[in-house]
Amino acid sequence: MAEEQVGLVLGVVEPATSTQFRVVIDEDNYLQLDDLVEARTQVPKVGEVHLYGLVTEVAARYEGARFESDMFLIAEEGSLPAELARSASVQTIRVDPEIWVAPDPGEPVYRVRGHSRDKALYADQMGRRLPIGFARDGDPIWVDLDFFDGRKGGHISISGVSGVATKTSFALAFLRSLTAHPDVLGPAASNVRVLVFNVKQEDLLWLDKPNRGLTDEARLQWTRMGIPSEPFPSVSFWAPPRGAVGMVPDTDSRTEGVSPFSWTPREFIEMGLLRFLFTETGDFRQQLTFVEERVRSQLARLAQPVEGRDGVVRIGTRLVASLADLVDVIEQHLDPPEGEPDQSWTGRVQGGTAQAFMRRLRAAEHRIGRLIRADGNRVDRTAEAVTVVDLHKLHDFAQRFVVGALLDEVFAGKEKTGQRLPLQVILLDELNKYAPREGHSPIKETLIDIAQRGRSLGIILIGAQQTASRVAPEVVENASIRVSGRLDAAEAERAEYGWMLPSTRMRARLFKPGTMVVFQPGIPAPLVFTFPYPPWATRPEEAVEEDPFEGLS
Amino acid sequence: MTVDQMWVESWSPEYGSSSEVDDGLAPSEEEVDLYVETADWRALSPEPSSSPLVAFIDGVDRVDARAFVGHSMSTAPGLFGSVAAGAVVVDGRARFEACEVQRWSVFGDGVAPRVRPFSAAITYRGRSIPGTRPEELRYELQKARSDLEEDLARRLARGGMLVIADGPLRVREPVNLVGYIKSHQKTYLSPGHAPVALGLTPGERTPIFSFGRIRPRYSWYTRIAPAPHQHPWAAIARCEVSTTVELRRAIGLADVVTHHLPRFASRGFWDTRAPQNLVPIASLERKLWSLLGNRELVMRRIRSGVMAGGRADG
């Protein structure tokens with residue numbers, strides 16, 4: 001491939017240095033932000049050294065003019081001659097061989113291509129490279145899966161303003177690439193399971209349907225990434241049941257193929273799901289969690305299976321077939337209409353605390369009662385490669401309950417087997433709600449556990465949030481791969497985005513939907529990329545329905 | 001003594017004055033024919049015309065180092081000097097064109113030592129003069145510069161451009177070449193005619209007059225900018241055209257130049273010789289100086305080159 005010279009290393013006013021230098025751009029060429037370039041320089045005793053860099057800023061000025069008003073003389077009057085000088089600032093991202101010298105001013109600078117591009121992006125050193133999108137030059141950008149699936153690192157943290165940051169879209173594109181490249185993923189590829197929580201509208205309930213808006217251009221891009229431009233081949237959809245009776249999923253746009261999920265009272269007690277009704281950060285301070293622990297262990301101790309009724313338990317004389325039944329049983333001990341509270345249940349807390357506990361339970365009964373029922377039907381996370389659990393119609397409180405319960409189930413299951421494989425990937429948006437920076441909650445603890453130990457247990461978290469600064473630092477810091485879409489200007493200045501270059505921070509507020517920046521341990525610079533339009537539908541209008549009469553005549 | 005009027009010279013003091021006078025300009029000793037164009041001496045205001053393709057030309061010279069050569073029991077003085085000339089072509093936008101640097105060694109006493117190139121970029125060609133006085137050496141370097149300027153002026157004018165050269169005109173050829181003189185040492189006008197020049201407004205000119213026995217020229221005065229509270233001759237320039245150009249064509253040139261020059265006048269904050277130092281010429285001069293290279297570095301090259309054996313050997 002012919003080399004494309006774009007300019008010369010500058011060293012006139014400011015010196016070129018090993019970590020950054022400027023390039024004066026050839027008259028008939030251009031450089032833009034994020035372009036990757038290579039400069040070569042002859043070093044005595046060493047030979048040729050290649051410096052690969054990333055364009056962080058481009059500038060243009062007229063030389064020969066001294067006053068700003070000279071612009072009129074140059075451009076309007078046409079009386080003052082001036083030389084247009086266009087330059088680019090380059091941040092060195094790799095030196096090969098590793099001799100950290102400044103490039104000689106005047107040396108030609110090339111746009112990277114092919115082999116030199118691989119070098120610039122450290123692609124030659126990536127263990128398992130997975131395409132995630134395209135750089136400005138139209139060629140793929142990769143992440144090293146060694147830093148995703150736990151070998152050298154794990155987890156992805158995605159930040160960005162809602163609506164334009166396309167956090168979930170990117171996460172899904174990534175997952176699509178992951179599931180379409182078992183060759184890259186290697187042994188971990190078999191039986192990878194992905195758990196996706198749908199928190200906004202019914203966007204993710206169409207992952208298995210082709211998108212009628214898919215353009216040929218996008219199709220070609222998916223093909224170039226080695227991914228069939230088709231919807232997810234293996235997805236199951238789950239939604240809460242509508243009402244306390246019947247098994248109709250509570251969804252609007254789609255009911256076909258969506259299974260209602262719930263837990264039986266027996267599962268609720270055995271799995272200790274009571275914890276996830278006390279997930280507000282204030283609960284710990286108010287000693288509600290203390291009472292909860294007592295109550296949980298009492299329930300586990302006293303609950304007896306009921307012959308012939310699988311999900312139902314007996315506690316004392318009482319049959320418990322719903323959350324309401326359970327709340328009644330608890331009230332008998334905590335706040336009986338007659339007599340004193342049972343201290344083995346309350347743990348001697350003050351009466352007010354026990355009453356606050358009961359108020360919470362009554363509220364919970366109203367909000368999640370339909371999720372706890374004798375005919376309970378738990379989410380089957382293993383049936384299909386991707387499991388979408390729809391939460392968007394649930395109250396905040398109920399959302400936390402479901403997320404807490406499912407995360408705990410995943411973590412407990414993995415802890416029991418102790419096996420890293422098969423991999424379990426979890427995609428969770430609004431992480432700031434589940435693992436906030438301040439306070440305690442059982443979900444936060446589970447998420448921190450996953451962030452810290454999930455790597456070795458084969459639980460990989462793809463967490464998304466509007467603002468990483470509001471998420472527990474343990475969760476964000478343990479993500480090896482960081483991705484960000486458009487950021488609020490003030491947010492971009494925070495330490496959580498220290499991996500960005502100053503120029504990236506400046507520009508993060510201007511990112512268009514579909515444009516993101518990725519940072520991974522193997523490449524010491526953030527890379528801006530775009531990913532193609534999804535081949536799966538994200539709204540009912542986009543979904544191409546199969547013709548039920550197809551094949552009949 | 002009462003003072004009726006005082007003004008501050010608009011040029012920076014190191015350039016002297018734009019008009020070296022005490023009371024009025026000294027009359028020229030040349031024979032001047034004032035009535036070449038018209039007998040009716042008053043300000044003329046040319047019709048507007050479209051912008052011509054115009055080239056401004058200028059040159060610079062600099063002594064890089066002084067030197068001596070020893071020969072037959074005595075020494076001859078010399079110098080190493082650099083000259084540069086170039087053009088600013090205005091064609092909607094202004095651009096530099098044909099900027100060229102030459103480096104000369106000039107030795108006196110008829111000595112012409114061969115000097116080896118000091119480096120690929122710094123090569124001095126030799127000139128020799130019979131005299132030995134420093135100003136004679138200097139003059140030879142200036143001559144090299146004006147040769148370069150004149151060659152360029154001729155080349156561009158022959159190519160069909162309207163060429164405006166900084167300084168008096170030496171080329172005698174019927175081409176569109178105008179000399180632009182920004183300072184006045186003497187007047188070519190009689191006391192009776194001078195007020196016409198002093199009363200010009202920007203874009204006006206005097207009628208054409210002629211003078212010069214050796215190099216006869218047509219000439220006119222023009223005002224290039226308003227100059228309130230300044231010396232009466234401030235902002236007035238004189239232009240000249242060779243008489244080898246037909247009078248009618250000279251009048252046409254005078255009209256075009258007079259109409260368009262004010263556009264190129266510099267302003268006080270912009271140039272130390274405003275307004276006469278035209279914007280294209282001022283910027284060309286800066287460009288040419290930068291092309292000569294850093295003088296200290298050039299001098300260092302010369303020194304080390306001479307010491308390394310680049311000295312005279314014949």
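Biologist: What makes A:Arg129 and A:Asp118 a salt bridge?

Modeller: Their closest N and O atoms are 3.8 Å apart. A salt bridge needs a side-chain nitrogen of Lys or Arg within 4 Å of a carboxyl oxygen of Asp or Glu, so this pair counts. Note that this is a predicted model: local features need pLDDT of at least 70, side-chain atom pairs count only at pLDDT 80 or more, and totals for chains, interfaces and linings use all residues. Residues are numbered from 1 along each chain as its sequence is written, chains are lettered from A and ligands numbered from 1 in the order in which they are written, and side-chain values use heavy atoms, without hydrogens and water.

Biologist: Why does the pair of A:Arg129 and A:Asp118 tie parts together?

Modeller: A:Arg129 lies in strand β7 (residues 129–134) of chain A and A:Asp118 in helix α2 (residues 114–120) of chain A, so the pair links parts eleven residues apart in sequence. Helices (H or I, at least four residues) and strands (E, at least two) are DSSP runs, numbered from the N terminus. Over all chains, the rule gives 70 salt bridges.

Biologist: How many salt bridges are there between chain A and chain B?

Modeller: The count is one. A:Glu83 pairs with B:Lys287, with closest N and O atoms 2.8 Å apart. Helix α1 (residues 70–77) of chain A gives the most to the side of chain A that touches chain B: five residues.

Biologist: How do you know that chain A and chain B are in contact?

Modeller: 16 residues of chain A meet 16 residues of chain B, where contact means heavy atoms within 4.5 Å. The area buried between the two chains is about 1,300 Å². That is the accessible area (1.4 Å probe) that two parts lose on being put together, summed over both. Carbon and sulfur atoms give 50% of it. A:Arg66, A:Ser79 and A:Pro81 supply 37% of the area that chain A buries against chain B, more than any other three residues.

Biologist: Why are α8(A) and α11(A) called roughly perpendicular?

Modeller: The axes of α8 (residues 288–302) and α11 (residues 351–368) of chain A come within 10 Å and cross at roughly 75 degrees. Axes are lines fitted to C-alpha atoms, for helices over the stretch in contact, and angles run from 0 to 180 degrees between N-to-C directions. Under 35 degrees is roughly parallel, over 145 roughly antiparallel, 65 to 115 roughly perpendicular and the rest oblique. The two helices are therefore roughly perpendicular. Among the residues that meet are A:Leu288 in α8(A) and A:Phe357 in α11(A).

Biologist: What makes the bond from A:Asp96 to A:Pro97 cis?

Modeller: Its omega is near -5 degrees. A:Pro97 sits in the loop between β5 (83–96) and β6 (108–111) of chain A. The bond from A:Leu421 to A:Pro422 is cis too, with omega near 0 degrees. Most peptide bonds are trans, and most residues other than glycine have a negative phi.

Biologist: Which phi does A:Gln201 have?

Modeller: A:Gln201 has a positive phi of about 40 degrees, although it is not a glycine. A:Gln201 lies in the loop between β10 (193–198) and α5 (216–224) of chain A.
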